[in-house]
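Dear colleague,

I am passing on a structure that you have not worked with before. Please look through it first, and then read the notes below, which say what was found.

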Amino acid sequence: VGTCYDKIGHKTYVRTAILMLVKAVDDYFDHDKTRQVKVECAIGDGYFVMPKGDYQVTAEMIEAVEKRMRQMVEERAKIRKAAITVDEARKIFREQGMDDKDRLFRFRRSSYVNVYDLDGYKDYNYGYMLPDAGYVKYFYLLPYHDGIILMVPNAANPAVVGEFEPRERLFEALMTSSDWGEKLGIDCVGDLNEKICAGEVNNLILAQEALQERRIGEIAQNIVERGGVKFVMIAGPSSSGKTTFSHRLSIQLASYGLRPHPIAVDDFFKNRADTPKDEEGNYNFECLEAIDIELFNTAMTRLLQGETVELPTFNFKTGSREYRGNFKTLGKDDILVIEGIHALNDKMSYTLPKESKYKIYISALTSLNIDEHNRISTTDGRLIRRMVRDARTRGASAQHTIGMWASVRRGEEENIFPFQEDVDVMFNSALIYELAVLKTYAEPLLFSVTPDMPEYYEAKRLLKFLDYFLSVSNEYLPINSIAREFAGGSCFNV
């Protein structure tokens with residue numbers, strides 16, 4: 001259990017539990033390769049697995065699959081790893097009906113691949129596995145929508161499986177993105193690589209961007225039709241593309257005759273001397289108390305009442321607010337687009353009437369899988385975005401970005417994720433092709449992390465992950481693409 005307290009150990013536990021699940025489903029259908037499962041997404045401490053093939057998930061099936069998994073635990077079923085040639089692996093996967101893995105390894109550069117065997121069921125897994133099923137004692141299954149939720153412990157409590165907390169808006173956004181991928185003909189990395197090889201990447205990018213622009217247009221239309229909205233509140237975790245999204249939404253709102261004005265919550269930071277500190281004595285810029293809430297609410301309330309207000313600009317070099325003649329007056333067609341870490345927290349805008357606010361949660365919810373049993377972590381996608389942008393705009397090293405990522409994640413868990421369901425709309429900024437573009441920028445940065453650095457193994461893991469993708473030049477990217485916020489060349493000031 002102790003090893004599950006760390007990130008690597010917990011991921012290994014999850015991977016092993018998923019292997020046991022897909023093996024149990026295979027046994028339930030008596031090795032019918034036309035009836036399998038696909039690991040779709042993570043929802044809290046649960047993993048959503050949906051049917052692949054002509055069948056429906058039933059309570060009887062879930063009970064039988066969980067019973068088979070527990071039998072593996074009792075028997076301590078061995079998990080054996082073997083390095084075999086890529087050609088051998090592709091043949092095995094074709095015979096087992098795993099065409100997604102066959103396509104994935106068509107683009108494998110090395111000659112060998114590690115294949116895991118659990119009681120005769122062979123699979124590929126992106127990362128280490130436990131030596132036998134006996135280690136995976138804590139889990140349960142339950143039905144969710146048309147699939148199965150596999151619940152496992154989190155890293156903080158590795159011997160306790162908590163209750164499943166449905167997150168309907170998150171699930172809906174993830175399934176919408178998955179549907180987009182199906183419409184574009186891309187479900188896994190192998191599909192994307194085949195599109196790139198076929199010279200279809202330009203059309204793919206344009207189609208994905210058009211889908212995203214249509215969604216932004218639908219959000220703008222909803223804001224207009226609701227009426228009475230004066231504050232569009234936008235928040236999301238690090239590297240979600242909030243700035244580009246805000247600009248593009250503003251353009252859509254302007255097409256309806258509104259006059260949008262961008263407002264950054266960061267401009268309402270308290271002066272450095274008044275900023276609270278964390279338990280280690282460092283300034284805590286991510287807590288709500290770092291914002292001058294009273295000043296923000298006073299300014300917004302006065303604007304709502306029709307007054308002219310001079311808004312502050314925060315000088316990050318001096319650590320103080322400044323007034324530079326940024327006067328605002330809200331007329332009939334004016335609307336404020338407010339973006340910041342606490343924008344969805346009603347404690348930050350407590351004096352503003354609920355009907356005057358429209359809340360948008362934005363995140364890069366990756367819908368692309370490595371293959372049908374190996375999902376791409378949303379966190380990994382955002383980390384690569386952040387790494388590329390920080391190197392371009394701040395000259396930050398990959399070591400620095402990886403080193404601070406755990407702290408960034410803690411801030412998100414405390415200040416953003418708790419509010420993601422209580423919104424008017426959730427927007428997914430992930431682009432199905434973006435990792436193929438960002439790979440070109442990220443790989444040199446990751447190779448600069450040397451073995452003597454604590455961040456080396458994480459950098460090595462990300463390099464292995466990026467190796468699945470063929471590269472795509474950024475010349476194909478539209479200048480207003482969210483991907484430009486990270487790769488550079490945006491028409492917006494990002």
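Predicted model: local features only at pLDDT ≥ 70, side-chain atom pairs only at ≥ 80, totals over all residues.

Helices (H or I, at least four residues) and strands (E, at least two) are DSSP runs, numbered from the N terminus. Residues are numbered from 1 along each chain as its sequence is written, and side-chain values use heavy atoms, with hydrogens and water left out.

To stay with serine 490 for a moment, this residue is buried, with a relative accessible area of 18%, where buried means under 20%, exposed means over 50% and partly exposed means in between, using a 1.4 Å probe and protein chains only. If its neighbours within four places in sequence are left aside, serine 490 is in contact (heavy atoms within 4.5 Å) with Ile479 and Arg484. Threonine 244 is 246 residues away from serine 490 in sequence, yet the C-alpha atoms of the two are 8.6 Å apart in space.

As for the chain as a whole, it has 14 helices and 16 strands. Its radius of gyration, taken over C-alpha atoms, is 24 Å, which agrees with the value near 23 Å that a compact globule of 494 residues would have, the globule rule being 2.2 Å times the number of residues to the power 0.38. The C-alpha trace spans about 75 × 50 × 50 Å along its principal axes, and buried residues make up 54% of the 494 residues. Of the contacts with a separation of 6 or more, 75% are between residues 24 or more positions apart.

An α-helix has 3.6 residues a turn, so residues three or four places apart point the same way.

Histidine 31, in the loop between helix H1 (7-28) and strand S1 (36-43), has a phi near 65°, a positive value in a residue other than glycine. Serine 239 likewise has a positive phi near 65° and lies in the loop between strand S8 (231-235) and helix H8 (242-254); at 2% relative accessibility, serine 239 counts as buried. Glycine 120, in the loop between S4 and S5, counts as partly exposed at 49% relative accessibility, and its C-alpha atom is separated by 23 Å from that of tyrosine 140, 20 residues apart along the chain.
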